Number of protein chains: 2
Amino acid sequence: MADFSIARLGTRNDKKIFYLVLDGLGGIPFPGRGKTALQAANTKNIDALLPQSTCGLFDPVEPGITPGSGPGHLGLFGYDPRKYQIGRGVLSALGIDFSLGPDDVAARFNFCTLDHQRNITDRRAGRIDTDTNVRLVKMLSEQIKLKGNVELFVKTVSEHRGLFVLRGKGLGGRVSDTDPQKTGVPPIDPVAQDAQAKKTAELSGSFITQAERILSGEERANGVLLRGFDKMPDIPKMHELYPLKCGAVATYPMYRGVARLVGMEVLPPPADMKATFVMAAANRDNFDYLFIHVKYTDKAGEDGNFDWKVKVIEEADALLPILLDAKPDVLVITGDHSTPAALRQHSWHPVPALLFAPETARPDYLQSFDEDHCRVGGFGRMPLYVLMQLALAHAMKLEKFGA
Amino acid sequence: MADFSIARLGTRNDKKIFYLVLDGLGGIPFPGRGKTALQAANTKNIDALLPQSTCGLFDPVEPGITPGSGPGHLGLFGYDPRKYQIGRGVLSALGIDFSLGPDDVAARFNFCTLDHQRNITDRRAGRIDTDTNVRLVKMLSEQIKLKGNVELFVKTVSEHRGLFVLRGKGLGGRVSDTDPQKTGVPPIDPVAQDAQAKKTAELSGSFITQAERILSGEERANGVLLRGFDKMPDIPKMHELYPLKCGAVATYPMYRGVARLVGMEVLPPPADMKATFVMAAANRDNFDYLFIHVKYTDKAGEDGNFDWKVKVIEEADALLPILLDAKPDVLVITGDHSTPAALRQHSWHPVPALLFAPETARPDYLQSFDEDHCRVGGFGRMPLYVLMQLALAHAMKLEKFGA
């Protein structure tokens with residue numbers, strides 16, 4: 001018997017879905033303010049959508065589980081992030097627009113400080129500046145030679161952070177981290193976790209040895225720590241799963257990369273939020289689905305800057321008419337996870353979502369779009385990956401299941 | 001790539017989780033009263049926590065499924081009770097503080113009445129009193145001899161109920177019940193359900209034959225019916241799953257036993273509810289997680305004594321400041337299942353839960369803590385085993401999932 005599958009139910013039409021993702025949107029009341037940022041913000045344009053919308057609270061992974069950006073976005077795009085995991089190395093590559101191929105193994109690396117006994121004294125090399133990083137990466141790229149028919153890429157990410165990529169046939173991705181996550185001990189040797197990863201581990205060990213020799217004259221950044229070895233995950237593309245031509249409008253490389261990972265066409269990076277919305281609206285007819293990413297709600301939350309988060313939400317609300325004028329048939333407004341300014345980090349709290357669909361929604365007539373009202377919204381509380389099939393349904397892009 | 005697992009996300013800190021379990025807490029409106037016991041009770045101390053709490057309704061097993069005490073508590077501790085089942089024999093052993101080892105097979109037995117054709121006339125031997133039970137168990141323990149290198153334990157539980165344990169190498173646990181669950185027919189012979197259980201079935205048959213001979217002079221209790229053969233289930237310990245040192249404060253043996261089964265350190269039995277709360281508060285710094293069990297909400301429900309249930313809840317509420325003064329970072333108040341006085345038994349109705357976490361909760365601002373308000377609480381409706389990961393999250397004991 002056939003499994004239930006969205007892919008089998010998909011049907012094409014000319015209806016348009018916009019996914020406006022305010023990164024880290026959800027929150028908890030900020031100490032002394034008694035409100036979340038979404039509650040404190042004046043969101044009159046968003047609230048005006050409520051009579052034609054259904055709302056709810058969505059768990060990016062599971063209740064109580066705090067997602068990274070990878071799992072959060074996979075959930076948004078309809079993937080169960082417990083099934084499809086993106087390694088840190090791969091995410092670092094996506095984050096600098098490095099195009100990983102199927103034969104590549106990627107790892108994130110940090111420059112670190114080693115003492116004369118090779119014990120780690122600083123796992124981040126005193127957070128060297130990015131210019132220093134660029135200079136050191138150039139040295140490593142030019143001087144390190146690896147055996148076998150393997151290509152090495154060493155790339156700057158920022159400050160002490162870098163990307164390490166090996167490209168060649170037969171390189172397995174399952175290699176253990178060399179970062180012991182503490183100081184006072186030497187780096188751990190890279191160890192293959194299966195037979196296919198043996199060559200990867202050997203070459204990584206050689207990279208580390210040569211890097212320490214080349215960097216031996218540096219005061220702070222005289223070593224490297226590698227973690228999150230991985231290959232590109234085998235994720236089905238959105239256009240294979242849904243009856244959609246998908247486009248992405250995002251400024252930050254990581255989100256552009258995740259969008260590319262699931263097969264979206266990624267438009268050129270817009271300069272700011274207004275340019276983001278204008279680009280999305282202008283591309284309405286070129287796609288069935290547009291992922292529209294706003295970063296600074298998350299950044300403000302991670303900085304613990306409640307007022308900034310309020311301002312970013314208000315800016316998005318003020319610019320919303322640009323998107324509305326493009327007349328999407330379905331407009332989803334949500335986040336990939338919560339980032340409460342009170343906690344200064346991603347959190348597990350479910351993210352509020354609004355699905356505006358003037359022709360097909362069963363409205364829940366909430367008074368305001370925020371965490372507290374969404375609690376009693378028409379969608380109740382669901383895993384985030386279900387939101388995508390709700391969006392498809394409201395755009396009449398799913399056929400009836402069964403006769 | 002690694003599977004999703006709570007165990008991999010755990011991180012230790014000094015935050016404290018208290019789980020106050022009012023056994024059988026949930027209810028339905030009592031006839032003529034129009035309220036549940038939790039609604040009728042004055043719970044001003046609990047209600048004062050609501051502005052810093054999130055609430056919800058939790059299904060111990062699945063909607064519509066009434067749990068026994070074993071599954072109810074496994075759910076509380078974060079185990080899916082459909083995956084981990086505790087046999088009746090094992091639960092009986094836990095209930096009398098009998099320490100089962102890995103080579104033991106346990107079954108629950110009832111004394112019964114047999115007629116001269118060996119047909120059962122009373123499956124509970126006229127509910128003989130416990131003193132009689134003790135006298136008969138002594139006779140069986142002293143006189144029955146089993147072949148092979150196997151040790152026999154026969155123990156009184158109460159009235160007609162007893163515990164049967166075989167200890168020895170190579171004893172399988174899968175033996176069928178001998179209780180036909182009706183009268184007018186003879187007991188069923190114990191049958192091995194797999195090859196490993198053959199010896200267990202033979203020895204159990206020998207036990208039954210000898211018991212009937214020894215008890216042949218008794219008027220009522222002249223036979224035994226065995227059911228729920230089982231070995232100790234292979235359940236991972238809480239400290240293997242979570243970054244927690246776990247302690248239990250409970251008066252009743254069964255709950256002490258279930259706590260021991262999942263690896264908690266069980267403190268000496270307190271005399272009453274006040275002593276229970278005082279002991280928990282005094283042990284705040286010795287554990288990361290404390291399971292605090294109150295029995296009489298359930299007992300009152302099973303007795304159909306609505307007013308008593310209200311009183312027990314009010315007593316817990318009045319004593320709550322003892323726990324609050326110990327400043328837990330997370331305090332969960334819930335039950336292991338519902339026991340409506342109207343039904344005089346455990347029920348399937350989801351159990352209300354409150355999670356108080358002053359620093360990390362997204363409050364749902366309910367007016368009162370009861371079944372009806374929890375329905376629109378921030379957690380919505382979830383399986384009970386999810387509550388544990390919510391508690392861990394709110395105590396900041398889970399790392400971010402994915403990069």
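# A walk through a predicted two-chain model

Let us start with one helix, α7 of chain B, which covers residues 198-214. Its 17 residues, at 1.5 Å a residue, should span 24 Å, and the C-alpha atoms at its ends lie 25 Å apart, which agrees. Please keep in mind that everything here comes from a predicted model.

Which residues of α7(B) are buried? They are B:Lys199, B:Thr200, B:Ala201, B:Leu203, B:Ser204, B:Phe207, B:Ile208 and B:Ala211. An α-helix has 3.6 residues a turn, so residues three or four places apart point the same way. With that in mind, look at what surrounds this helix. The buried residues of α7(B) pack against the strands β3 (104-114), β5 (151-158), β6 (161-167) and β7 (223-230) of chain B, and also against helix α6 (130-143) of that chain.

The residues in question are B:Ser69, B:Gly70, B:Pro71, B:Gly72, B:His73, B:Leu74, B:Gly75 and B:Leu76. Their cover includes β1 (17-22), α5 (88-95) and α9 (253-261) of chain B. After α4(B) comes B:Gly78, which has a positive phi, near 95°.

Setting aside neighbours within four places in sequence, B:Tyr19 is in contact with B:Leu76, B:Tyr289, B:Leu290, B:Phe291, B:Ile292 and B:Val332. In soluble globular proteins, nonpolar side chains tend to be buried together. Here, the largest nonpolar core holds 258 residues, and A:Tyr19 and B:Tyr19 are the ones that touch the most other members. The element that gives the most to this core is helix α12 of chain A (residues 306-324), with eight residues.

That brings us to chain A as a whole. Its secondary structure comes to 14 helices and 13 strands. A compact globule of 403 residues would have a radius of gyration near 22 Å, and chain A, at 23 Å, agrees with this. Taken along the principal axes, its C-alpha atoms fill a box of roughly 65 × 55 × 35 Å. Of the 403 residues in chain A, 54% are buried. Among its contacts with a separation of 6 or more, 72% are between residues 24 or more positions apart.

Helix α10 of chain A (residues 273-282) shows some of this packing. Its buried residues are A:Met273, A:Thr276, A:Phe277, A:Met279, A:Ala280 and A:Ala281. What do the buried residues of α10(A) pack against? Their partners are β1 (17-22), β8 (246-249), β10 (289-294) and α12 of chain A.

The loops of chain A deserve a visit too. A:Lys169 sits in the loop between β6 (161-167) and α7 (198-214) of chain A. With 9 other C-beta atoms within 10 Å, A:Lys169 is exposed. Its C-alpha atom is 9.2 Å from that of A:Pro102, although 67 residues separate the two along the chain. A:Gln181 is found in the loop between β6 and α7 of chain A, and it counts as exposed, with 11 C-beta neighbours inside 10 Å. Most residues other than glycine have a negative phi, and most peptide bonds are trans. A:Gln181, however, is not a glycine and has a positive phi of about 65°. A:Arg127 also has a positive phi, of about 45°, without being a glycine. A:Arg127 lies in the loop between β4 (120-122) and α6 (130-143) of chain A, and is partly exposed, with 13 other C-beta atoms within 10 Å.

Finally, how do the two chains meet? The contact takes 28 residues from chain A and 22 residues from chain B. On the chain B side, the elements that give two or more residues are β13 (380-383) and α14 (386-394). The largest share of that side, five residues, comes from α14(B). By class, the chain B side has 14 nonpolar, five polar and three charged residues.

The copies use different surfaces, for 9% of the contact residues of chain B recur in chain A.

Technical notes: Residues are numbered from 1 along each chain as its sequence is written. Chains are lettered from A and ligands numbered from 1 in the order in which they are written. This is a predicted model: local features need pLDDT of at least 70, side-chain atom pairs count only at pLDDT 80 or more; totals for chains, interfaces and linings use all residues. Two residues are in contact if their C-beta atoms, placed from the backbone, lie within 7 Å. Helices (H or I, at least four residues) and strands (E, at least two) are DSSP runs, numbered from the N terminus. Ala, Val, Leu, Ile, Met, Phe, Trp, Tyr, Cys and Pro count as nonpolar, Asp, Glu, Lys and Arg as charged, and the others, Gly among them, as polar. A nonpolar core is a set of buried Ala, Val, Leu, Ile, Met, Phe, Trp, Tyr and Cys residues joined through C-beta atoms within 7 Å. A residue is buried if 20 or more other C-beta atoms lie within 10 Å of its own, exposed if 12 or fewer, and partly exposed in between; C-beta atoms are placed from the backbone. The expected span of a helix is 1.5 Å times one less than its number of residues. The radius of gyration is taken over C-alpha atoms; the globule rule is 2.2 Å times the number of residues to the power 0.38.
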